Amino acid sequence: MFRIHQHVVLPQSLTLKSSGLGLALSGAINVTGGPFSHTKYELRQVHFHWGERDDFGSEHTVKGCSFAMEVHFVHWNTDLYSSYEEAASEDGGLVIVAAFANLDSRGNPAIEHICNYASAVRYKRQWEKISVDIKQLLPNNIKKYWVYKGSMTVPPCYESVTWVIFNDNITVSSRQLAQLRTLHNHSPNDRPPADECQGYITKNLRNLQPTGTRRVTAVEHVFTIGQIVQYASLYDGSSVFTTSKDFTWTGGLQGSDEADF
Ligand SMILES: [Zn+2]
């Protein structure tokens, strides 16, 4: 079982920042447990992926199906490395915990809260201190998930990531997605990039990539006297996930000088 620790419970304890590629939350949050109980991973930030269409907003697909949104909790290995930057390029350096969001008119309360600040972080590099309950970004059932070794989904796409993807989903509304698409992919004083996105972050997805030789493992954790017992069944991977290190930017992501996530 994963546990989420939000160390600082003061109001406005997290930083919400626009990178020009999307929105990221950072601050004193930590996730422990799951398959990483014996290694310390520290949360670097939480960010969001969405698409131009409500039915195509996740970076991973499951058996060919896309989701409305995908939330990434990016962690780095503080046992082996001295900084996120160092860990990002090294084997075992990063763990990204991912949650898919299904379309639902009720939306998600944490995303709603973030959307309320959309006007304050509308442009690249703008930021705001906010208070968000990170747990609301996790699905109810966090015992079942898939694991595979893969890459970052933004350049330089290092093969340093252990992906943990929950089977259960959160929700996001069409209205919330529409609000996120009103964010700009450039600074307030910069001219919008000359592309079909016309200066907006209409999507921030990596194109689907072949699974290659990666093996995706389905995991369910059961606790016995403080020890985690893993029940794993192996998929062949080919029909479950698609990803690889080969990557080129498309659309509104072109021309960015930042790759915060
Ligand atoms: Zn991501």
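Modeller: The largest nonpolar core has 52 residues, and Met 69, Val 71, Ile 96, Ala 98, Ala 99 and Ala 101 touch the most other members. A nonpolar core here is a set of buried Ala, Val, Leu, Ile, Met, Phe, Trp, Tyr and Cys residues joined through C-beta atoms within 7 Å. A residue is buried if 20 or more other C-beta atoms lie within 10 Å of its own, exposed if 12 or fewer, and partly exposed in between, with C-beta atoms placed from the backbone.

Colleague: Which strand gives the largest share of this core?

Modeller: Strand β7, residues 94-103, with eight residues. Helices (H or I, at least four residues) and strands (E, at least two) are DSSP runs, numbered from the N terminus.

Colleague: Okay, and what does Ile 96 touch?

Modeller: Leaving out residues up to four places away in sequence, Ile 96 touches His 72, Phe 73, Val 74, Val 161 and Trp 163. Contact means that two C-beta atoms, placed from the backbone, lie within 7 Å.

Colleague: Before we go on, where do the coordinates and numbering come from?

Modeller: This is a predicted model, and local features need pLDDT of at least 70, side-chain atom pairs count only at pLDDT 80 or more, while totals for chains, interfaces and linings use all residues. Residues are numbered from 1 along each chain as its sequence is written.

Colleague: What's the mean pLDDT of the protein chain?

Modeller: It's 76, and 74% of the residues reach 70 or more. pLDDT is the predictor's confidence in each residue, from 0 to 100. Confidence is highest in strand β11 (residues 170-172), at a mean of 98, and lowest in strand β13 (residues 227-234), at 27. Residues 6-11 also have pLDDT below 50, and this stretch has nine contacts in the model beyond near neighbours in sequence.

Colleague: And where else does pLDDT stay under 50?

Modeller: Over residues 222-261, for which the model has 90 contacts beyond four places in sequence. Where pLDDT is low, the predicted coordinates should not be read in detail.

Colleague: Back to the strands. How many residues of β6 are buried?

Modeller: Nine of the nine residues of β6 (residues 69-77) are buried, so this strand is largely enclosed by the rest of the structure. Met 69, Val 71, Phe 73, His 75 and Asn 77 are on one side, and Glu 70, His 72, Val 74 and Trp 76 are on the other.

Colleague: What does β6 pair with?

Modeller: Strand β5 (residues 41-50) pairs with β6 in the antiparallel sense over nine bridges, and Val 46 stands opposite Phe 73. β6 and β7 also run antiparallel, joined by eight bridges, and Trp 76 has Leu 94 in β7 as its bridge partner. Strands count as paired if DSSP finds at least two bridges between them.

Colleague: And β7 with β10: parallel or antiparallel?

Modeller: Parallel, with five bridges joining them. Val 97 stands opposite Val 164 in β10. β10 is also paired with strand β9 (residues 144-150), in the antiparallel sense over six bridges, and there Val 147 has Val 164 as its bridge partner. Six of the six residues of β10 (residues 161-166) are buried, so β10 is largely enclosed by the rest of the structure too.

Colleague: Switching to helices: which residues of α2 are buried?

Modeller: In α2 (residues 109-116) they are Ile 111, Ile 114 and Cys 115. Seen down the axis of α2, they fall within an arc of 100 degrees, so they line one face of the helix. That arc is the one made by the directions from the helix axis to the C-beta atoms. What covers these residues includes β2 (14-18), β3 (23-26), β11 and α3 (174-180).

Colleague: What about Gln 198, buried or exposed?

Modeller: Gln 198 is exposed, with 12 other C-beta atoms within 10 Å. Its phi is near 50 degrees, a positive value in a residue other than glycine.
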